[in-house]
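Please look at the model shown below and follow the surroundings of its ligand, then one of its helices.

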Amino acid sequence: MKGYHDIAGDGGSRVLEQVVEQRARITDGLAGVRHLVAVGSGKGGVGKSTLTLHLAGALRARGLRVAILDADFNGPSQARMAGVQGALFVPGSHKVALPRTANGIGVFSMGSLVPESEALDFESTAQGESHTWRATREFALLGEILGSFEWGTLDLLMFDLPPGAERTVQYADFLGPRASFVLVTIPSEVSLGVVARSVAALSKGPNRLLGYVENMSGYYCRDCNAVKPLFASGESPGLGIPCLGTVPFDPELARHCDRGIPLEDLPGTPVGRALDHVAQQLLDSLP
Ligand code: ADP
C-alpha cells in the first residue's frame with residue numbers, strides 16, 4: 001500500500017490550487033468591504049440573529065452600507081427575520097446578487113435556499129458523526145458563498161455566527177485577523193459561563209474583541225411602558241471586555257422577527273434606543 005510520502009505532489013487532486021483559487025476569489029469578493037464584524041456568543045438562543053439584523057438596521061439608518069451573512073447554515077434565522085425567505089438569487093453582473101431587505105441590507109441566508117421543513121445535510125464519506133468532516137464542509141461552503149456573491153462596496157459585512165465556542169474560534173481562523181467580534185450574552189450565569197469561554201478562546205488569537213452585548217436584560221412591558229427584571233440575576237460580573245450596551249426583551253420585537261416584518265415603532269422604544277446605543281458603541285470601537 002502507498003503511504004502519503006509515496007504520492008507525488010497532491011496526488012493529482014489539485015487540492016492546494018483549489019484552496020489558493022478560492023482564497024483569491026474570497027479576497028477579491030471582499031475587496032470592497034471595509035469591516036468584517038462577526039456576531040457570536042458560544043451560546044445559542046441568546047439573540048445573535050436578532051441583534052445582528054437590528055444592529056445592521058441601526059447602522060443602515062446612519063447611512064452605512066451593510067450586509068449580513070448568516071453563517072448558521074444548519075439553523076438559519078436571518079431569512080425569516082429579515083423577510084427574505086422566498087427571495088430569489090439572481091445572477092448579477094459577475095456574481096450572484098444578494099437579496100435585500102426593504103431598508104437596503106443585503107442578506108445571505110441558507111433559509112432563502114432550503115425550506116425550514118428540510119435539514120441541511122452535508123454528505124459524508126466519513127464514518128458516523130464526523131465533526132471534522134462537517135466543519136470542513138461548512139467552511140468550504142462559507143468560502144463558496146464569500147466568493148460567489150456580490151458583496152460590493154460595504155462599510156460592514158456582519159456575520160451571524162452559529163453557536164459553539166470552538167466554532168466561534170474556527171470562524172476567527174477562517175475570516176482572518178481583520179474580522180472583529182461582538183459577543184452576545186443574556187444575564188444568566190449559564191450564558192455568561194459559556195460566553196466567558198468564547199472570550200478566553202478568542203483572546204488567544206489576533207482578532208479584535210469589540211465587546212459584548214447583554215441581551216434580554218429586562219422585559220419591556222408595553223402596557224406599563226417600563227422595563228422590568230427578566231432574569232433573577234444580581235450585578236453582572238461582566239466578561240472582562242467592554243460592554244457595548246444592554247438590550248431589553250420586547251415581545252413585539254420577537255413577534256415581528258417571527259413574521260419577518262420590521263417593527264415600525266422600534267426607534268421610539270427602550271429596545272430601539274438600546275440598539276441604537278449599541279450600534280454607536282460598535283462603530284466607535286471599530287479599528
Ligand atoms: P440566536 O441567534 O442567539 O440563536 P435569536 O436571535 O434567534 O438567538 O433569538 C432567539 C429568540 O429570541 C428569537 O425568537 C428572537 O426573536 C427572540 N429575541 C432575541 N432577542 C430579543 C429581544 N431583545 N426582544 C425580543 N425578542 C428577542
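A backbone N or O atom of S49 lies 2.9 Å from an oxygen atom of the ligand, which makes this a polar contact, a term used for a pair of N or O atoms within 3.5 Å.

| Residue | Ligand atom | Distance |
|---|---|---|
| S49 | oxygen | 2.9 Å |
| V46 | oxygen | 3.0 Å |
| P248 | nitrogen | 2.9 Å |

The protein covers 83% of the 560 Å² of accessible area that the ligand has on its own, where areas come from the Shrake-Rupley method with a 1.4 Å probe.

This is a predicted model, in which local features need pLDDT of at least 70 and side-chain atom pairs count only at pLDDT 80 or more, while totals for chains, interfaces and linings use all residues. Residues are numbered from 1 along each chain as its sequence is written, and side-chain values use heavy atoms, with hydrogens and water left out.

Around the ligand there are 16 residues, each with a heavy atom within 4 Å of it, and the closest are G45, K48, S49, T50 and N215. By class, this shell has eight nonpolar, six polar and two charged residues. At least two shell residues come from each of helix 2 (48–61), strand 6 (208–221), strand 8 (243–249) and helix 7 (251–259); helices (H or I, at least four residues) and strands (E, at least two) are DSSP runs, numbered from the N terminus.

Helix 5, residues 165–175, has the buried residues A165, T168, Y171, A172, F174 and L175, buried meaning under 20% relative accessible area with a 1.4 Å probe and protein chains only. After helix 5 comes G176, whose phi is positive, near 85°.

Notes:
Polar contact = N/O pair within 3.5 Å; in protein donor to acceptor, adjacent residues only side chain to side chain. Nonpolar A, V, L, I, M, F, W, Y, C, P; charged D, E, K, R; others polar. Buried < 20%, exposed > 50% of the residue type's maximum accessible area, 1.4 Å probe, protein only.
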